Amino acid sequence: MSVTAGLRAPTSADSTELAGRVAVVTGGASGMGLAAVHALAARGATVAVFDLAAPDAEEIATALVVPAERIRSIAVDVTDGGRVGRAFDAVLAERARLDILVNAAGIAPPTAFEDITETEWHRVLAVSVHGTFLCCQRALPAMRVGGWGRIVNFSSTAGKTISTAGGAHYTTAKHGVLGLTRHLAKAYGPGGITVNAVCPGLIDTPMARGLLPPPVLEEAVRSFPVPRVGLPWEVAELVAFLASDRAAYITGAAVDINGGDLIV
Ligand code: NAD
């Protein structure tokens, strides 16, 4: 588990808002996924973390200061339909319901367009687009049974314009996530299920730090209307809001959170 600063909001949440809800967060071992795990668990949800290597659930609970029984951890490559299916089966067998899905898994290689191999092209789209498709397809039937559901997909500023540091495959993948989000919002709204996307700008996570060394990152954000890098918890608070009853009338939205870097 890679913990960065800024995972937890400085103010405490209503610890009962999501009580009884069961959530899955892909890419939940790091960065904004991990911050979303905290934001949901702090509001009372039980959260299953799906990530490549199953992080230690107790370690996550301790680091995030949430009760250990609220966190479950399963090793899942979201591009693998069989493993995704077994992971959702395990959550449903244990909890008998699924209410919230946050698709945060993603990779963003900075490869120049002419150097992108077919393998890398497919991998980037597989994690963001195919993985989101597989998880939504597994989650939606359970949400339909419950007559309530919240899906929050991770797109990016790259999904509305072009990526700051990722390659053309990343930009393409994040546009794809928005298309899937909009299609599912229309199809599942009548069943009490909302489907939205968040579009973060530059957020201080291991991904961003891997792409842009700190001095470059600091320089990049200096011209933003809010002249600083975003923090994982700031995005996680938006995710938790979209996952709550308070956001019941928001669906099919692609919500920007970028310090004003992109104003549209
Ligand atoms: P991060 O690298 O800190 O975390 C991403 C997590 O996804 C990691 O734990 C990784 O192991 C997991 N993951 C990768 N491939 C996976 C797979 N095949 N199956 C399961 N898990 C997998 O990144 P982050 O910055 O927190 O990014 C979270 C999401 O936000 C990503 O979708 C990313 O594209 C998007 N995003 C990030 C930024 C940013 O500035 N950091 C900006 C816009 C959008």
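A polar contact here is a pair of N or O atoms within 3.5 Å; within protein, one must be able to donate a hydrogen and the other to accept it, and residues adjacent in sequence count only if both atoms are side-chain atoms. This is a predicted model, where local features need pLDDT of at least 70, side-chain atom pairs count only at pLDDT 80 or more, and totals for chains, interfaces and linings use all residues. Numbering starts from 1 along each chain as its sequence is written, and side-chain values use heavy atoms, leaving out hydrogens and water.

Start with the ligand. Select Asp 51: one of its polar side-chain atoms sits 2.6 Å from a ligand oxygen atom. Now pick Ser 30, where a polar side-chain atom is also 2.6 Å from an oxygen atom of the ligand. At Arg 123, an N or O atom of the side chain is 3.3 Å from a ligand nitrogen atom.

Next, colour helices α1 (residues 31-42) and α8 (residues 232-242). Helices are DSSP runs of H or I, at least four residues, numbered from the N terminus. Their axes, lines fitted to C-alpha atoms over the stretch in contact, come within 8 Å and cross at roughly 50°. Show the side chains in contact (heavy atoms within 4.5 Å): from α1 they include Met 32 and Leu 40, and from α8 Trp 233 and Val 239. The contact residues divide into 11 nonpolar, 1 polar (Gly counts here) and 1 charged (Asp, Glu, Lys or Arg).

Last stop: α3 (residues 81-95) and α4 (residues 118-146), packed at about 30° with axes 9 Å apart. That makes α3 roughly parallel to α4 (under 35 degrees). Among the residues that meet are Phe 88 and Leu 92 in α3, with Leu 134 and Arg 138 in α4.

Notes:
Axes are lines fitted to C-alpha atoms, for helices over the stretch in contact, and angles run from 0 to 180 degrees between N-to-C directions. Helices (H or I, at least four residues) and strands (E, at least two) are DSSP runs, numbered from the N terminus. Angles under 35 degrees count as roughly parallel, over 145 as roughly antiparallel, 65 to 115 as roughly perpendicular and the rest as oblique.
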